[in-house]
4 protein chains.
Amino acid sequence: MGNTFGHVYRVTTWGESHGGGVGAVIDGCPPQIPLAEKDLQPDLDRRRPGQSKIVTPRKEADRCEILSGVFGGKTLGTPISVWVRNQDARPEAYREMETLYRPSHADYTYQAKYGIRNWQGGGRTSARETIGRVLGGSIAKKMFSQLVPRLSVTAFVRQVGSVVARLEADRVEAKEVEANPVRWPDAKEANQLVRLIERVRSEGDSLGGVVECIVRGCPVGLGEPVFDRLEADLAKAVMSLPASKGFEIGSGFAGVRMRGSEHNDEFYMDGKRVRTRTNRSGGVQGGISNGEDIIFRVAFKPVATIAKFQKTVGIQGKNAGLKARGRHDPCVLPRAVPMVEAMTLLVLADHYLRDRAQNDQRRK
Amino acid sequence: MGNTFGHVYRVTTWGESHGGGVGAVIDGCPPQIPLAEKDLQPDLDRRRPGQSKIVTPRKEADRCEILSGVFGGKTLGTPISVWVRNQDARPEAYREMETLYRPSHADYTYQAKYGIRNWQGGGRTSARETIGRVLGGSIAKKMFSQLVPRLSVTAFVRQVGSVVARLEADRVEAKEVEANPVRWPDAKEANQLVRLIERVRSEGDSLGGVVECIVRGCPVGLGEPVFDRLEADLAKAVMSLPASKGFEIGSGFAGVRMRGSEHNDEFYMDGKRVRTRTNRSGGVQGGISNGEDIIFRVAFKPVATIAKFQKTVGIQGKNAGLKARGRHDPCVLPRAVPMVEAMTLLVLADHYLRDRAQNDQRRK
Amino acid sequence: MGNTFGHVYRVTTWGESHGGGVGAVIDGCPPQIPLAEKDLQPDLDRRRPGQSKIVTPRKEADRCEILSGVFGGKTLGTPISVWVRNQDARPEAYREMETLYRPSHADYTYQAKYGIRNWQGGGRTSARETIGRVLGGSIAKKMFSQLVPRLSVTAFVRQVGSVVARLEADRVEAKEVEANPVRWPDAKEANQLVRLIERVRSEGDSLGGVVECIVRGCPVGLGEPVFDRLEADLAKAVMSLPASKGFEIGSGFAGVRMRGSEHNDEFYMDGKRVRTRTNRSGGVQGGISNGEDIIFRVAFKPVATIAKFQKTVGIQGKNAGLKARGRHDPCVLPRAVPMVEAMTLLVLADHYLRDRAQNDQRRK
Amino acid sequence: MGNTFGHVYRVTTWGESHGGGVGAVIDGCPPQIPLAEKDLQPDLDRRRPGQSKIVTPRKEADRCEILSGVFGGKTLGTPISVWVRNQDARPEAYREMETLYRPSHADYTYQAKYGIRNWQGGGRTSARETIGRVLGGSIAKKMFSQLVPRLSVTAFVRQVGSVVARLEADRVEAKEVEANPVRWPDAKEANQLVRLIERVRSEGDSLGGVVECIVRGCPVGLGEPVFDRLEADLAKAVMSLPASKGFEIGSGFAGVRMRGSEHNDEFYMDGKRVRTRTNRSGGVQGGISNGEDIIFRVAFKPVATIAKFQKTVGIQGKNAGLKARGRHDPCVLPRAVPMVEAMTLLVLADHYLRDRAQNDQRRK
C-alpha cells in the first residue's frame with residue numbers, strides 16, 4: 001500500500017511486468033501547463049529496454065497514452081492518467097520462477113508478505129514498474145519548464161564496477177551524458193565501459209555502480225523540516241528504486257573524515273545573492289535548499305539476475321538450484337539515470353508546491 | 001509542515017531549543033501497552049547533553065512528562081502527548097546569531113524560507129528537537145517488547161573521523177556499546193576515541209563519523225513497495241536527522257564493486273526457515289524485510305559549530321565574520337546513536353502496523 | 001489534488017466525461033482476494049446511463065478492464081488499476097458550455113479555480129467520474145465477502161421530490177430495491193415514481209430526493225476518533241458525490257426535537273452480545289460502530305441540467321441565457337444508489353483495515 | 001489513530017478529560033503571523049464550561065500556553081504547540097462509569113475497540129477534547145486576519161429542541177449572537193430559550209438543536225474535487241464533533257422537494273464579479289467555493305448524560321441501571337457554536353493553503 005509518492009504533487013503508480021500495462025496517475029499538477037505524449041516520450045525512451053546493445057533486449061516501444069487531465073494541449077488541474085501497454089511479454093521464460101526464489105530478488109519476500117506473487121518477469125518488482133515514475137517525473141519537468149525555467153536535473157553514471165569517472169559534477173553536461181550509451185559524463189571514456197559491460201555479460205555475470213545527480217537552479221527554500229527535509233525525501237525517493245543500496249549528499253561518507261573547520265561552507269555575498277564558497281553541504285542546509293547546486297550519489301548493486309548457476313530454495317521449502325533465463329540488463333546503471341532524475345523531479349515538484357502553500361506570501 | 005512521521009504509528013514533534021519545551025504526540029500506538037515515564041527516561045538520558053565529558057555541557061535533566069494517552073499504567077489507543085521542559089536556556093549566548101548566518105548551519109535557509117527564525121540556540125534546528133523523536137522511538141520499543149519481543153535495535157559508532165571500528169555488526173552487543181561514552185562497539189578501544197574527541201575540541205574544531213545500526217529479530221514481510229520500501233523509509237528517517245549526509249544498507253557503496261555472482265545472497269533452508277548464506281542485502285530484499293539482520297550505516301558530518309573564526313554574511317547582506325559561542329558538541333556521534341535507534345524504531349513500528357492492516361489474514 | 005480517498009484502503013480516481021476514459025487505482029487491498037471483471041460489472045451496470053427509461057440515454061456499455069494487481073484470479077496486494085473506456089462521447093452537444101456557465105453547475109468554479117476546464121460533458125464534474133468510485137467500492141465488497149461475509153451495504157431511494165417511502169430501513173431488501181428502475185424500497189409503489197419522473201422530464205425540469213443506506217453486520221469497533229469518526233468519514237464520503245446537499249445518521253435532524261430521555265439508546269444483553277433497544281444512534285456511538293445497523297440518509301438536489309431557458313453569464317463576463325442540450329438524468333436518485341453504496345464500502349474497507357492495524361491484538 | 005486534521009494546515013489534538021491536560025500541535029501555519037495567548041483566549045472562553053448558568057458548572061479557567069512555534073510575537077512556520085492544563089478534575093464522580101456503559105455514550109464502543117478506556121469524565125470522548133480544535137481554529141482565524149481580512153466565520157444557534165430562530169443567516173451578526181448566553185441570533189428572544197433550557201435541566205433531562213454557520217468573504221476557488229470537495233470536508237469536520245447527527249449545506253434536505261428550475265442559482269454580473277441571484281448552493285458549486293456566503297447547518301442530538309434513571313449493561317455483560325452524576329450540559333448548543341466555527345476555520349485554512357499550492361500562478 002505504498003504506491004503513492006508526494007503530498008501535493010502526488011504520483012500513484014501501478015502495473016506489473018507482465019499484465020495489461022504500467023502507468024501512473026499524477027494528482028496536484030498545476031493547471032495550464034502545456035502537455036502532450038511527445039513531452040513524455042524522450043525520458044521513456046531513455047529508460048526503455050533495447051535502447052542500446054548494453055541493456056536488456058526486451059522489445060518494448062513504450063509508447064505512452066495520456067487518458068485524462070489534459071485538454072486542448074494543457075493540463076486541467078485534474079488527475080493526469082498516463083500509461084504504457086505491455087507488449088513483448090514472455091511469461092514462459094519465467095516459468096521456473098513460479099516455484100523458485102531467485103537469490104537477492106524479491107521473490108521470497110513478496111511470497112512471504114502477500115502469500116501470492118506474479119512471478120512473470122518479476123511482476124511488480126520488475127524495473128518496468130519505474131515507467132510510472134518516469135512519466136510522473138517528465139510531467140514535473142514540464143511543470144518546471146513553465147514555473148521555474150532555470151531549474152535543471154541531470155544525472156549521469158559516476159561509477160561502473162570499480163571504474164570511477166573523474167569529472168566534477170558541476171562540469172557535467174546533459175548533452176555529453178546522452179551522447180553515449182553508458183551515460184558516462186565523459187563520452188570519450190565511454191567505450192571502455194561498454195567493453196567492460198559486454199565482457200561481464202558474456203561471462204554471465206553483472207555489474208553495479210553509482211549514479212550521480214546534479215540539480216542546478218533550484219530555488220532557495222525547498223524542504224520541510226523536521227522529517228521532510230529535502231535530503232531526506234531525496235534519499236527516500238532514490239532508495240525506493242530497485243537495486244539501490246546507498247545515498248549520499250554533498251560530502252557524504254567521505255566528509256566524515258574532515259574537521260568542521262575544513263568542512264564548513266563559508267558564506268559570501270555574490271551581488272545580492274547569498275552564496276557559499278564551497279558546497280560540501282550539497283545544496284541543502286538544515287533540510288532546506290540554499291540555492292547552490294544539489295549534488296548527490298546513489299549506489300546500485302550488481303544486477304541480481306545472472307546467467308550463472310546459483311543455489312537457492314523453492315516455495316515448498318526445499319533446497320534447489322537455478323540459472324536465470326529471461327532477458328535482463330548486465331548493468332542497470334545506464335537505465336537508472338532517467339529513473340534517478342525522475343525521482344528527483346518528483347521530490348522537487350512536491351516540495352516546490354508545498355513551500356508555495358505555506359510560504360507564498362514571502363514572495364509578494 | 002513536515003513535522004509528522006509515519007502513516008499508522010504517527011509521531012508529530014514540536015519545540016525549539018529555547019522556548020517552553022520540546023515534545024511529541026504519538027498517534028496510532030496500540031492500546032494496553034504498559035507505559036510510564038520511567039520507560040522513556042533511559043533513552044532520553046542517552047540523548048541528553050551533559051551525559052559525559054565529551055558532549056555539550058548544557059545542563060538539561062530532560063525529565064519527560066506524559067500528559068495523555070495512558071491510564072492506569074497502560075496505553076489507551078488515544079494520542080500520547082509527552083514533553084520535556086526547557087531549563088538551561090541561555091539565549092544571550094546566541095545574540096550574534098540574530099544577525100549572522102553560521103556557516104553550514106540552517107540559519108540562512110530558515111531565514112530565506114520563512115523570513116523569520118528563532119535564532120536562540122538554533123531554534124527548531126537544534127539537536128534538542130530530536131527529543132520528540134527519541135520519545136516516539138522509546139514508545140515504539142515498548143510496543144515491540146509486548147508484540148514482537150525478539151526484535152531489538154542496536155546502534156553504535158562505527159567511525160569517528162578516520163578511525164573505523166573493526167567489529168562485525170552481528171557481534172556487537174548493546175551492553176558493550178553503552179559501557180563507554182563514545183558508544184564504540186569495542187569498549188577497550190574507546191579511550192583513544194575519547195582522547196581524540198577531547199583533543200579536537202581543545203583545538204576549537206569538530207569531528208564527524210558513522211553510526212551503524214543492526215536490527216535483530218525483525219519479522220519477515222515489513223516494507224511497502226514501491227515507494228515505501230523498508231530501506232527507503234529507513235533512509236528518509238535517518239537522513240532527516242541533523243548533520244546526516246549519507247545512508248547505506250547491507251553492502252552499500254562498497255558493494256557496487258562486486259559482480260552479481262559475488263554479491264547475491266544465496267538462499268538455504270534452516271529447518272523450516274528460509275535464510276540467506278550471506279547478508280549483502282542487509283536484511284531487505286525488494287523493499288521488504290527477509291528476516292535476516294537489518295544492517296545500515298549513517299554518515300554524520302563534522303559538527304558545524306566550531307570555536308574558530310569563520311567568514312560569513314549577515315541578514316543585511318554584508319560580509320562578516322564570527323566565532324561560535326554557546327555550548328555544543330565537538331562530535332555528535334555518541335548522542336546520534338539513540339537518535340538513529342529512535343528513527344529506526346519509528347519506521348519499524350509504522351511498517352509493522354501497516355503490514356498488519358493489509359496482510360493480517362495471512363498469519364491466521 | 002483531492003482525488004485519493006482513504007488511508008489504508010486507498011482509491012485514486014481519474015478521468016473526464018469526454019476523453020480517453022475513467023478509472024481508478026486501488027492500493028492497499030489485501031492479497032488473495034478472488035477478483036475478476038465480472039465481479040465489478042454488476043455495480044457498474046447499476047450506475048450506467050441508459051439502464052432504464054428514466055435515466056440519461058447516453059450509450060455507454062461501461063465494460064471495465066483490470067490492468068494490474070490481479071494474477072491467477074486473485075489480488076496480489078499490489079495496486080489494482082481498472083478502467084472503462086469512454087465511447088459515446090458527443091462533445092459538439094456541449095459546444096455552448098465552452099463559453100457559458102450553466103447555473104448551479106461547476107462550470108464557473110472550475111474556470112475560476114483552474115483558469116481552464118474541459119467543458120465537454122462537464123469534464124471532471126460529470127457523474128461519469130463516479131465510475132472510479134463504484135469500481136473501488138465493488139472491490140471492497142469483494143474483500144468483505146471474504147473477510148467479513150456477514151457485512152452487507154444496501155442503499156435505496158427514500159424520497160423523490162416530495163414523495164417519501166414509508167418502509168423502515170431495517171425491513172428493506174436489496175432484491176426488492178433492484179426489482180424496479182427507481183430503486184424504491186417497495187416495488188409496488190415504484191410505478192407512480194416512474195410516472196412522476198417521466199412527467200417532470202417532459203416538462204424540461206428535474207427532481208431531487210433522498211437516498212438512504214443501511215449497513216448490516218458491521219463489526220463493532222470501526223471508526224477512528226477524534227477526527228476520523230466513522231460518521232464523519234461517511235459524511236465526507238457521500239457529501240463528495242455530485243449533487244449531494246445533506247447527510248444525517250440515525251435520528252438525524254429530526255432527533256434534535258427529542259429530549260435526552262427519549263433519544264438515548266438503552267443497552268441490554270442479547271446473549272453474550274451488547275445490544276441497544278433502539279437505534280437512534282444509527283449504529284455509531286462516539287465515532288465507533290457499535291454493531292447495530294448503520295443507517296444514514298443523503299439529500300440530492302434536483303439535477304441542475306434542465307431543458308428550460310435560464311439566465312446566466314459567460315466566461316467573458318457578459319450576461320447571457322441558455323437552454324441545456326446534451327443528455328442528462330431528470331432525477332439522479334436511481335443512479336445515486338450504487339454511488340452511495342460504493343462510497344460507504346470505501347469508508348468501511350478503510351476503517352476495517354485501519355482498525356486491524358492498531359487493534360489487531362485484541363482479537364487474538 | 002485519527003487525531004490529525006488537514007493536509008497542509010494540520011492540527012493534531014491530544015488529551016483526555018481527566019489527565020495532564022488537553023492541547024494541539026498546529027503544523028503548516030504560515031510564518032510571520034502575529035500570535036499570542038491573548039488571541040486564543042476569547043474562543044476558549046466561548047467554549048469553556050461555567051461561562052453561563054445554562055452550561056456545565058465544571059470550573060476550568062482554560063488558560064492556554066503556547067509552548068513553541070512563536071518567537072518575538074510572530075509565528076515561525078514551525079509547529080505551534082499549545083495546551084491547557086486540566087484543573088477541576090473530579091474522577092470520583094465517574095466511579096460507576098468504570099463498570100457501566102452510559103446509554104448513547106462512547107463507553108461501550110471504546111471498551112470494545114481498545115479493550116481499555118479512561119472512564120474518568122469520558123476520557124477522550126469528553127467535550128473537553130474540543131479545546132485542541134478551538135485552539136487550531138483560533139490560530140487559523142488569526143492567519144486569515146492577515147492573509148484574507150475580509151473572511152469571517154459566524155456560527156449561531158438556529159434551533160433548540162423544537163424552537164427555531166427565524167432570522168435569515170445573512171442578517172445574523174456575531175455581536176448579537178455573543179450578546180446572549182444561548183448564542184441565539186436574535187438576542188431579544190434568548191430569554192425564552194434560557195428558561196426552556198433551565199426547565200429541562202431541572203427535570204433531569206436534556207435538549208438537542210441545530211447550529212448554523214455562515215462564512216462571509218470566502219475567496220472563490222477553495223475546494224479540491226473530487227473527494228476533498230469543500231462541502232465534503234466541512235461535513236466531515238463538523239460530523240467529527242461530539243453529538244453531531246446531521247449536516248446540510250445551502251438548501252439541504254428541504255431543497256430536494258424543489259424542481260431544478262426553482263432550485264438553480266442563476267448567474268449575473270455584479271460589476272466585474274460573477275454572482276448568483278439566489279444561494280441554494282450554499283456558496284459551493286462542484287465542490288469549490290463560488291464567492292457567495294457559505295451557509296450550512298449541523299444537527300446536535302440531545303445530550304446523552306441525563307439525571308434520570310436508565311437501564312444499561314456493565315462491562316461484565318450483566319444488565320444494570322444508572323443515573324448520571326458528574327457535571328454536564330443540559331444543552332450542548334451554546335458551547336457547540338465556537339466548536340463549529342473552529343472546525344470551519346480548520347477546513348478553510350487547509351483549503352486556502354492547498355489551493356495556493358496548486359493554483360498560485362493564476363493570481364499573479
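**Entry 1**

The model is predicted, and local features need pLDDT of at least 70, side-chain atom pairs count only at pLDDT 80 or more, while totals for chains, interfaces and linings use all residues. I note that residues are numbered from 1 along each chain as its sequence is written, and that chains are lettered from A and ligands numbered from 1 in the order in which they are written.

For my terms, helices (H or I, at least four residues) and strands (E, at least two) are DSSP runs, numbered from the N terminus. Axes are lines fitted to C-alpha atoms, for helices over the stretch in contact, and angles run from 0 to 180 degrees between N-to-C directions.

I then listed the contact (C-beta atoms, placed from the backbone, within 7 Å): helix 1 of chain B gives Asp43(B), Arg46(B) and Arg47(B), and helix 8 of chain B gives Arg335(B), Pro338(B), Met339(B) and Ala342(B).

**Entry 2: the sheet of chain A**

In chain A I traced an open sheet of five strands in the order 1-2-3-7-4, with antiparallel pairing (two strands pair if DSSP finds at least two bridges between them). Strand 1 (4-5) and strand 4 (64-66) of chain A are the edge strands, each pairing on one side only. Strand 4 of chain A joins strand 7 (residues 80-85) of chain A over three bridges, and I saw that Ile66(A) has Val82(A) as its bridge partner. Helix 1 (residues 37-47) of chain A packs on the sheet and touches strand 4 and strand 7 of chain A, its direction making about 150 degrees with that of strand 4 of chain A.

**Entry 3: chain D and its partners**

I turned to chains D and C, whose contact takes 94 residues from chain D and 94 residues from chain C. Strand 11 (residues 244-249) of chain C and strand 11 (residues 244-249) of chain D pair in the antiparallel sense over three bridges, and there Phe247(C) has Phe247(D) as its bridge partner.

The contact of chain D with chain B takes 35 residues from chain D and 35 residues from chain B, and strand 2 (10-15) and strand 3 (21-27) of chain D each supply at least two residues of the side of chain D that touches chain B.

Notes
Contact = placed C-beta atoms within 7 Å.
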